[in-house]
Amino acid sequence: MNNISVDHLTGIKDLTSEDIQLIFKTADSFKEVINRPIKKVPTLRDITIANIFFENSTRTRLSFELAEKRLSADVVNFSASGSSVKKGETLIDTVNNILSMKVDMVVMRHSSPGAAEFLSKKVNARVINAGDGTHEHPTQALLDAFSIREKLGTVEGKKVVIVGDILHSRVALSNIYCLQKLGAEVMVCGPTTLIPKYIADLGVKVSHNLIEALEWCDVANILRIQLERQDIKYFPSLREYSQQFGLNKEILNSLSKEIVVMHPGPINRGVEITSDVADSKQSIILQQVENGVAIRMAVIYLLASKIER
Ligand code: CP
């Protein structure tokens, strides 16, 4: 199969396992390109892409921009702060104004779940979801699974635990869909208050005991507590959270096998993970970031190939 089955990437839920394998195969080629002395290909010289970010970002935003530039696309960047959104302009008006400048593809981060899908139905451009509130973050899940495949040779049959604030995490939901489509087993671990009740319906295991979860897994993906999305207190204090669910070197060394440690970033060092674990040999956090560029090049390339030119 050489074509992706979707016209937009709004969520992993819409992808087939063949789509994901195609994205990985394409990303393998682009990873080779970005490790060459000249890290660029002329493939998308005729394409213009707008990155529109209504929420803060470091990794995703830089990674998309770099991916677009490595493919030789023209790139425009928009962030809500400092824009006319602050004067009351709507999402659709904002995007239509950008599109009237002949933009072919929109990469959007927005605080509202479903915003990317809504946009994809309203505009005549390919849409990529760069994170929509607590819903999905598809390219993060793809780069996470790609990094597991790179480290362990395959995702199929591996056991992955996602630890932390599952309730507010778009990374968790996209990871669950992606890992399951690739044949991995998934567990979530965290305080009862931060694990949504519907999660068991997705076919994942649930644990509230960090050591038990880590003993079960091959890979632990540690998530940040999203204080900015929490309007009530879900646990007594960050110190207490850290004591029960924080991953430190003592715990890592006490396990009966060596596990792989991941984190999508941004890290709150000393809360969900200590520095000696984040910076250890078992951590692939920076490889995840590196792989993000190749994965985003692959997604952009495959969606651009469906644009009539
Ligand atoms: N992982 C991730 O989405 O990071 P940013 O919020 O910095 O983009």
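How many of the six residues of β1 are buried? Hello everyone, let me start there. Six of the six are buried, so β1 is largely enclosed by the rest of the structure. Please keep in mind throughout that this is a predicted model.

Let's stay with β1 for a moment. This strand covers residues 48–53. T48, A50 and I52 point one way from the strand, while I49, N51 and F53 point the other way. Both groups are buried.

Now, who sits beside β1? Six bridges join β1 to β2, and the two strands run parallel. We can find some of the partners by name. T48 stands opposite D74 in β2, and the bridge partner of N51 in β2 is N77. If you wonder what holds such strands together, strands of a sheet pair through backbone hydrogen bonds, either parallel or antiparallel.

Let's zoom out to the whole sheet. Four strands form an open sheet, in the order β2-β1-β3-β4, with parallel pairing. Which strands stand at the edges? They are β2, residues 74–79, and β4, residues 126–132. Each has a single partner strand, so one side of each is left without a neighbour in the sheet. On average, neighbouring strands here are turned by 15° against each other, if we ignore direction.

Next, the domains. The domain assignment of the chain gives domain 1, made of 12–137 + 289–304, and domain 2, made of 138–288. Their centres, taken over C-alpha atoms, are separated by 25 Å. How many residues are in contact between them? On the domain 1 side there are 32 residues, in contact with 30 residues of domain 2.

That brings us to the inside of the protein. The largest nonpolar core has 66 residues. L15, I23, I128, L142, I295 and I300 have the most contacts inside it. Helix α11, residues 285–304, gives the largest share of this core, with ten residues. Both domains take part: the core draws at least three residues from each of domain 1 and domain 2.

Leaving out residues up to four places away in sequence, I295 touches I23, F24, A27, T139, L142, L143 and F146. There is also a second, separate core of 28 residues, and W216, A220, F235 and Y241 are among them.

A pair of aromatic rings is described by the distance of the centres and the angle of the planes. For F24 and F146, the ring centres are 5.4 Å apart and the planes are at 65°, so the pair is edge-to-face. Where do the two residues lie? F24 lies in helix α1, residues 17–34, and F146 lies in helix α5, residues 138–152, so the pair ties together parts that are 122 residues apart in sequence. Are F24 and F146 buried or exposed? Both are buried. The count of aromatic pairs comes to five, and ring pairs also link F235, Y241 and F245 into a cluster.

While we are at helix α1, have a look at Q21, which is found there too. With a relative accessibility of 42%, Q21 counts as partly exposed. Between Q21 and I4 there are 9.9 Å from C-alpha to C-alpha, and the two are 17 residues apart in sequence.

Finally, a few backbone details. As background, most residues other than glycine have a negative phi, and most peptide bonds are trans.

Take S72, in the loop between α2 and β2. Its phi is near 70°, a positive value in a residue other than glycine. S72 counts as buried because its relative accessibility is 16%.

K102 has a positive phi as well, about 65°, although it is not a glycine. You will find K102 in the loop between α3 and β3. Is K102 buried or exposed? K102 is exposed, with a relative accessible area of 66%.

Last stop: which peptide bond is cis? The bond from G265 to P266 is, with omega near -5°. P266 is found in the loop between β9 and α10.

Terms used. Residues numbered from 1 in each chain as written. Predicted model: local features only at pLDDT ≥ 70, side-chain atom pairs only at ≥ 80, totals over all residues. Heavy atoms only, no water. Pairing = 2+ DSSP bridges. Axes fitted to C-alpha atoms, helices over the stretch in contact; angles between N-to-C directions. Core = buried A, V, L, I, M, F, W, Y, C linked by side-chain atoms within 4.5 Å. Buried < 20%, exposed > 50% of the residue type's maximum accessible area, 1.4 Å probe, protein only. Domains from an automatic or database assignment. Contact = heavy atoms within 4.5 Å. Phe/Tyr/Trp six-rings, centres within 6.5 Å; stacked < 30°, edge-to-face > 60°.
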